Amino acid sequence: MGLFKEELKITPPMGRHFDPLDNTYDAIIIGAGMSGMAAAIRLAMYDKRVLLLERHNISGGLNSYYNRKKRGLDVGLHALTNFAAKGERRRPLTKLLKQLRIPYEKLELTPQFESLVSFPDVSLRFSNNIELLKAEIAQNFPKEVDNFERLLKHILGFNEVALDNEFMMAKDVVDSFISDHSLREMIFCPLLIYGSAWENDMDFSQFVIMFKSIYLEGFGRSRGGVRRVLELLRERLKEVGAEVCYRNGVKEILTHGDQSIGVITDRGQEVIAPLILSCAGFPETLSLIPKHQSHSSKSPLVGKLSFTETIFTLNDRPKDLGLDKTIIFHNDAQSYSYQRPQDFYDKRSAVICLPNNFIDDDYQEGVYRLTMMANYDLWRAIHEDKSAYNDKKNSVLKDSISIMNSYMPKLKSEDITFHDVFTPTSVERYTGHFGGCVYGSPDKSRDGSTPYRGLFICGTDQGFLGIVGSMLSGISMANLHGLMNQTQTASSTESMTTSPL
Amino acid sequence: MEAVEVRKVVLDIIEDIALDEDVSNLNDDIALREQLDLDSMDFLDIVMELKKRHKVEVPQEDYPRLATMSSCVEYLTPKMQ
């Protein structure tokens, strides 16, 4: 999620030596989201002349932060998935740090304490050690112990990044192992809401990626939250000499036939480059090409999943009020409905993030964040009507507080020192993602290709998930389309560069 | 450049890529990726660093020749004369 411009303490934009008279680059990157920044670092590391254009005054895209009343608050990112301890080999996080030449220590990563999947009659705790989840299943679903072991074995033996994997619905595969409906729903709940662009199910390869990143590798947090990660990326961008321009997005992508040749910026500058990598989203990127037929069958759909997020700061830390979980996947029904709600938002389920409850707590106060699924179209329709919009925001706030009270009955309303509500239209406004969608289009471009030569997608719509996935996406696409010998076809080089997970 | 210097060149590159790895006890005849946490993305970086630092081009069909330290030295020494 982006940020609220009017509230910002503006960080001085760096590298603003963009020279409109010398307008030819090796590569233009659209958007300073995490994937765009990672891509820019990789290309500039190997002496490419790179221009990174960001419409907003700060980087981060869907995972950003804002300041209010002297508080720095993260939006979007709850936790870093794919946790790895220092020196752990062949982990996505380790690969990413190596590719960007960022030493592990600089992340100052602290692991979660433990998280919870909470359904009406049963809860499952899990941590960064799969044994806890196994023990919880043994206790709550004793008949499923062997089934879960078999599922786990199948997952561990599955190559989720092979490019020739057949598309299989994950629920069909999991149903062939797990017989209990509740357990299946509970396993899927965190995996769907932490990254699926599809409603209620996902491709099995995606399921395995999510399963490993959440249940086997787990959650962590950088000291300083998302700011720390973005600072590290900005530091590297500066070191490798990428040119970064804030408050100057891309208004139009210039094409000649089916070849992209450059862009026109929001400020009207024409910039030419043989390579354009965009992390603005797949449909969003194509919409920058005036002649592109957005209704043709080849055009990617706009995703349907958007969210509200409520942020509270509290006088007490949740731990002191008896709540020690890091993330709670709350669901109030027998099944888990992961889809665009009929109403403005769906209060039957929520994800609660308690960033104090990582092992190392560096906050000055208690923080509580709550995310619910929301219907973009309904929010859009009342957006101009201030009083209707504020009424709905208030009802999100009220329901968020009532869910909060169910987990922290000792909390008194006077202990809430600050609150704020984001809606799907806030997401759209600050990230530029159509429909306020957070996990992008259901149509992914795994090799980053678009109908235009020279123009590629990175980030959410390339299909890797989470912030580790996002940065690996930028790295992979930069490697594949910017660093490998340009005469080689994508398919022959794919195995070298796009299978980091 | 002598073989021993070429070895040093490759070792310096690997050390910079695999920041957290100890490269002092490498066996020159065992595949690098079996001893270190190196994958195909890292081998791309070895190739990119050779080009950036020493202007040596390694075409993709020759990547297998970078498998061990010995094969690296054997392959790269004539290219670095």
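**Exercise 1. Carry out the analysis for B:Lys55: is the residue buried or exposed?**

Step 1. B:Lys55 lies in the loop between α3 and α4 (69-76) of chain B.

Step 2. Its phi is near 55°, a positive value in a residue other than glycine.

Step 3. B:Lys55 has 9 other C-beta atoms within 10 Å. The limit for exposed is 12 or fewer, so B:Lys55 is exposed.

**Exercise 2. Describe the setting of strand β16 (residues 349-353) of chain A and name its pairing partners.**

Step 1. Start with burial. In β16(A), 5 of the 5 residues are buried, so the strand is largely enclosed by the rest of the structure.

Step 2. Sort the residues by direction. A:Ser349, A:Val351 and A:Cys353 point one way, while A:Ala350 and A:Ile352 point the other way; all are buried.

Step 3. Take one partner. Strand β15 (residues 327-331) of chain A pairs with β16(A) in the antiparallel sense over 5 bridges. Within this region, A:His330 has A:Ala350 of β16(A) as its bridge partner.

Step 4. Take the other partner. Strand β17 (residues 366-374) of chain A is also antiparallel to β16(A), over 3 bridges. Here A:Val351 has A:Thr371 of β17(A) as its bridge partner.

**Exercise 3. Determine which residues A:Thr450 touches, and whether A:Thr450 is buried or exposed.**

Step 1. A:Thr450 is located in the loop between α13 (424-431) and β19 (455-457) of chain A.

Step 2. With 23 other C-beta atoms within 10 Å, A:Thr450 is buried.

Step 3. Leaving out residues up to four places away in sequence, the contacts of A:Thr450 are A:Thr285, A:Leu286, A:Ser445, A:Leu455, A:Phe456 and A:Ile457.

Step 4. For A:Leu286, compare sequence with space: A:Thr450 and A:Leu286 are 164 residues apart along the chain, and their C-alpha atoms are separated by 8.3 Å.

**Exercise 4. Which residues touch the most other members of the largest nonpolar core?**

Step 1. The core has 162 residues, and those touching the most other members are A:Ile28, A:Ala39, A:Ala40, A:Ile41, A:Val50, A:Leu52 and A:Leu277.

Step 2. Follow one of them. Apart from neighbours within four places in sequence, A:Ala40 is in contact with A:Ile29, A:Val50, A:Leu52, A:Leu237 and A:Ala242.

**Exercise 5. Divide chain A into domains and describe the contact between domain 2 and domain 3.**

Step 1. The domain assignment gives domain 1 (5-65 + 225-301 + 442-497), domain 2 (115-217) and domain 3 (304-434).

Step 2. Taken over C-alpha atoms, the centres of domain 2 and domain 3 of chain A are separated by 25 Å. The contact involves 17 residues from domain 2 and 17 residues from domain 3.

Step 3. On the domain 2 side, β6 (115-118) and α7 (181-193) of chain A each supply at least two residues. The largest share, 7 residues, comes from α7(A).

Step 4. By class, this side of domain 2 has 10 nonpolar, 5 polar and 2 charged residues.

**Exercise 6. Describe how chain B meets chain A.**

Step 1. The contact joins 13 residues of chain B to 21 residues of chain A.

Step 2. Helix α3 (residues 40-54) of chain B gives the largest share of the chain B side, 6 residues.

Step 3. The chain B side consists of 6 nonpolar, 2 polar and 5 charged residues.

**Exercise 7. Decide where the coordinates should not be read in detail.**

Step 1. For the complex, the predictor gives an ipTM of 0.92 and a pTM of 0.92.

Step 2. Chain A averages a pLDDT of 91, with 91% of the residues at 70 or above. Chain B averages 93, and 100% of its residues score at least 70.

Step 3. In chain A, pLDDT stays under 50 over residues 1-16, which have 43 contacts beyond four places in sequence in the model. Residues 486-501 of chain A are also below 50, with 34 contacts beyond near neighbours in sequence.

Step 4. Where pLDDT is low, predicted coordinates should not be read in detail.

Key
Residues numbered from 1 in each chain as written. Chains lettered and ligands numbered in written order. Predicted model: local features only at pLDDT ≥ 70, side-chain atom pairs only at ≥ 80, totals over all residues. pLDDT = per-residue confidence, 0-100. Contact = placed C-beta atoms within 7 Å. Helix = DSSP H or I, 4+ residues; strand = E, 2+ residues; numbered from the N terminus. Nonpolar A, V, L, I, M, F, W, Y, C, P; charged D, E, K, R; others polar. Buried ≥ 20, exposed ≤ 12 C-beta atoms within 10 Å, placed from the backbone. Pairing = 2+ DSSP bridges. Core = buried A, V, L, I, M, F, W, Y, C linked by C-beta atoms within 7 Å. Domains from an automatic or database assignment.
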